[in-house]
Amino acid sequence: MKLKPIVAAAAVVASFASFAQTQITVVNFGGANGNAQKKAYFEPYEKTTGNKIVGVEYNGEQAKIKAMVESKNVTWDVVEVESPDVARGCDEGLFEKMDYSKIGAKSDFTPAAVHECGIGTFVWSTVMAFNADKIKTAPVTWADFWDTKKFPGKRGMRKGARYNLEFALMADGVAVQDVYKVLATKNGAERAFKKMTELKSNIQWWEAGAQPPQFLVAGDVALTTVYNGRIDAAQREGKNLQITWTGGIYDLDYWVMPKGGKNRDAALKYISMASSAAEQSEYAKLISYGPTNTKALAKLDAKTLGLLPTSAANSKTALQFNVGFWADQGEALEKRFAAWAAQ
Amino acid sequence: MTTSTTALPASAVLPANLARQLKRAERRKRLFSISLTMPLLVFLVVIFLVPIAALLMRAVENPEVANTLGRTGEALAQWDRTTTPPDAAYAALAADLAAIQEQSDAGALARRLNSEVSGARSLVMGTYRALPFDPALTPAQVHQRLLEVDARWDDITYWQAIAKNSKRWTPDYLLASVDLQRDAQGHISRVPDDSAAFGRILLRTFEISAVVTLFCLLLGYPLAYWLSTLTERQANMCMILVLVPFWTSILVRVAAWIVLLQTNGLVNRALMGTGLTDEPVALLFNRLGVVIAMVHILLPFMILPLYSVMKSVPPTYLRAAVSLGSSPLAAFFKVYVPQTYPGMGAGGLLVFILSIGYYVTPALLGGADDQMLSYYIAQYTNVNVNWGMACALGAVLLFTTLVLYGIYRRVVKSELSLG
């Protein structure tokens with residue numbers, strides 16, 4: 001009898017505690033990928049922990065994180081960043097060190113996913129795509145992409161040097177495994193830009209990932225480079241767009257925690273859930289980006305696996321994006337690209 | 001007056017008193033007006049002047065190397081910058097790098113040197129992680145150990161970069177923003193042609209702005225003239241048509257232009273439907289699309305000053321010229337147009353200055369060779385996170401705007417009048 005009031009008080013306190021729920025801000029790139037993350041990660045997290053997630057979209061601007069960390073007013077708890085930024089941000093002390101004891105065994109993940117300051121969340125690929133309603137014989141190699149006689153029409157390419165220089169070298173006959181070796185030399189860079197010049201007047205540049213599928217559907221371009229998930233999303237909408245996987249460049253996106261965030265534990269909890277095999281396999285069903293948790297692959301059927309950049313068939317001739325190379329050479333090459341475009 | 005003052009001794013004090021009171025009242029009034037404008041003044045200083053000063057500072061500030069590699073800088077002071085540096089420099093470098101407490105400082109150093117010599121990032125960070133060495137090592141042994149960590153430490157280009165940047169201030173960012181560079185010896189030269197970008201980009205920025213201004217004038221002038229001849233009621237109605245798009249978000253208008261101008265868009269279908277072309281014309285993701293959208297967005301900035309000047313030009317002058325025997329066309333160009341020069345000047349300057357800072361429209365509607373200077377400022381801020389370079393480019397943009405305004409003041413000899 002005497003215990004009752006204490007239990008009641010405890011219950012009241014507990015209910016207050018659950019009212020004072022934690023709220024974390026998770027930042028991603030939005031779009032089709034953002035929707036898939038919302039379904040596969042945000043919703044289960046909110047349901048099991050009772051915490052709330054505020055989703056924010058950004059365009060990968062590291063300046064925002066840098067400004068937050070420098071002014072010690074960090075409002076973002078978990079951020080999805082591209083691979084060059086995880087390395088650079090880690091060097092410059094923008095991110096918290098990952099506590100793998102709270103996330104899971106490092107051996108469960110593909111080696112590239114394990115980083116001091118972040119954990120890879122999915123594998124995506126920049127590939128060649130075309131509209132199968134308009135092109136009957138599929139292009140096979142990057143040399144085909146450069147062949148405007150065989151495939152007349154414009155080419156969609158990302159505005160910038162990244163990826164394009166690699167594709168140009170492959171089109172010029174450089175073997176996949178030698179691309180970065182060649183590009184690192186002065187002559188190799190020269191060769192890549194020269195190859196780009198061949199195609200220059202036929203290029204229609206894109207800025208946002210959503211643009212290339214639109215170009216293909218509208219018939220603005222015959223072939224385009226594109227992030228593979230965008231083609232997957234268009235296919236789900238019933239568009240007959242197809243991917244040529246030869247010589248695609250694959251890369252990872254990472255979860256990081258900006259240094260000095262106020263909800264470290266809740267943020268880590270989110271990252272650990274979003275890195276689990278169960279959630280990652282759900283995610284891969286929603287958009288064709290490859291899970292980094294190798295155990296997630298076992299939970300997927302053959303059809304879903306066949307669409308992922310990580311599947312054996314699709315990754316056979318793929319090139320892994322070289323983060324170190326671009327961290328060193330990126331600024332100079334992008335400047336050179338600007339000079340090249342202005343010529 | 002004198003009689004009254006003598007008659008009333010007390011009032012002799014009054015004028016002084018009055019003067020004092022007057023002065024006090026005036027002072028109060030002045031304080032009152034200052035306190036009224038104070039918020040705006042403070043706002044301007046904090047929001048406008050301080051950031052500009054900070055931007056100009058960042059464009060010449062170079063603290064990364066000076067903060068971290070002080071001893072190395074000293075050891076390199078006597079170095080001739082053409083041969084391998086002395087072992088003492090290697091030892092100083094290893095000591096300096098090992099002494100960096102915060103990894104973020106090492107990262108900042110690596111980024112700074114990397115923007116000078118590609119590859120310095122991995123070199124510095126790799127070495128930083130391998131440190132510290134055994135303190136008992138002699139300088140020659142440290143040299144050897146550093147080479148074991150990374151053989152690139154015998155490449156003097158990295159050492160030249162360290163020596164060059166050991167000063168706290170640098171003209172390098174500003175030089176780079178006008179395609180100049182400073183070599184290891186401090187001689188200034190032009191950057192090689194294949195990486196000379198900013199001169200052309202600045203030129204392109206002016207070119208696009210000039211074309212946009214010209215088309216705004218050609219399209220805006222007749223419209224403003226027509227508006228000025230209407231009755232006030234009609235003019236107000238039409239002005240709303242000018243202002244409604246002006247109040248619409250730029251992004252919405254840019255998206256609308258994408259819909260209109262795309263290959264199978266309304267404009268192309270109309271062109272093909274009327275038989276003007278057989279194939280769709282490329283109107284988007286090139287210079288044409290950028291100019292069309294920018295002219296549309298900036299047109300009100302031309303029309304409004306023109307309209308306000310034209311309203312004040314009495315129509316009687318034109319009638320007088322015609323009645324004195326001038327042909328209507330000659331009268332228009334010789335009598336009317338010169339009276340609208342202030343409007344043309346104000347509108348033209350406004351449109352031009354707004355255009356040179358344009359970012360979103362070219363980024364969304366232009367190709368790789370249609371980007372203006374702001375695009376690269378954003379690129380350096382967000383992508384390369386090289387804020388020194390971004391600030392230097394911003395300073396160039398600011399400086400050219402001020403020069404243009406100065407020229408305008410000289411030519412028009414009047415204040416900028418926006419009606």
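## Where the two chains meet

Chain A puts 27 residues into the contact and chain B puts in 36; two residues count as in contact if their C-beta atoms, placed from the backbone, lie within 7 Å. This is a predicted model, where local features need pLDDT of at least 70, side-chain atom pairs count only at pLDDT 80 or more, and totals for chains, interfaces and linings use all residues. Residues are numbered from 1 along each chain as its sequence is written, while chains are lettered from A and ligands numbered from 1 in the order in which they are written.

On the side of chain A that touches chain B, α3, β6 (203-206) and α16 (323-342) each supply at least two residues. Helices (H or I, at least four residues) and strands (E, at least two) are DSSP runs, numbered from the N terminus. The top contributor is α16(A), with 13 residues. Sorted by class, this side of chain A has nine nonpolar, six polar and 12 charged residues. Here Ala, Val, Leu, Ile, Met, Phe, Trp, Tyr, Cys and Pro count as nonpolar, Asp, Glu, Lys and Arg as charged, and the others, Gly among them, as polar.

## A closer look at helix α3

Helix α3 of chain A runs over residues 62-70, and its buried residues are A:Gln62, A:Ile65 and A:Val69. They fall within an arc of 60° seen down the axis of α3(A), so they line one face of the helix; the arc is that of the directions from the helix axis to the C-beta atoms. "Buried" means that 20 or more other C-beta atoms lie within 10 Å of a residue's own, with exposed at 12 or fewer and partly exposed in between.

What covers those buried residues includes β3 (78-82) and α4 (83-91) of chain A, plus α20 (373-383) of chain B. Just after α3(A), A:Lys72 takes a positive phi of about 55°.

## The nonpolar cores

A nonpolar core is a set of buried Ala, Val, Leu, Ile, Met, Phe, Trp, Tyr and Cys residues joined through C-beta atoms within 7 Å. The largest one has 166 residues, and A:Val78, B:Leu298 and B:Ala392 have the most contacts inside it. Its largest share, 17 residues, comes from helix α15 (residues 287-311) of chain B.

## A buried serine

A:Ser125 sits in strand β4 (residues 118-131) of chain A. Why is A:Ser125 classed as buried? Because 26 other C-beta atoms lie within 10 Å of A:Ser125.
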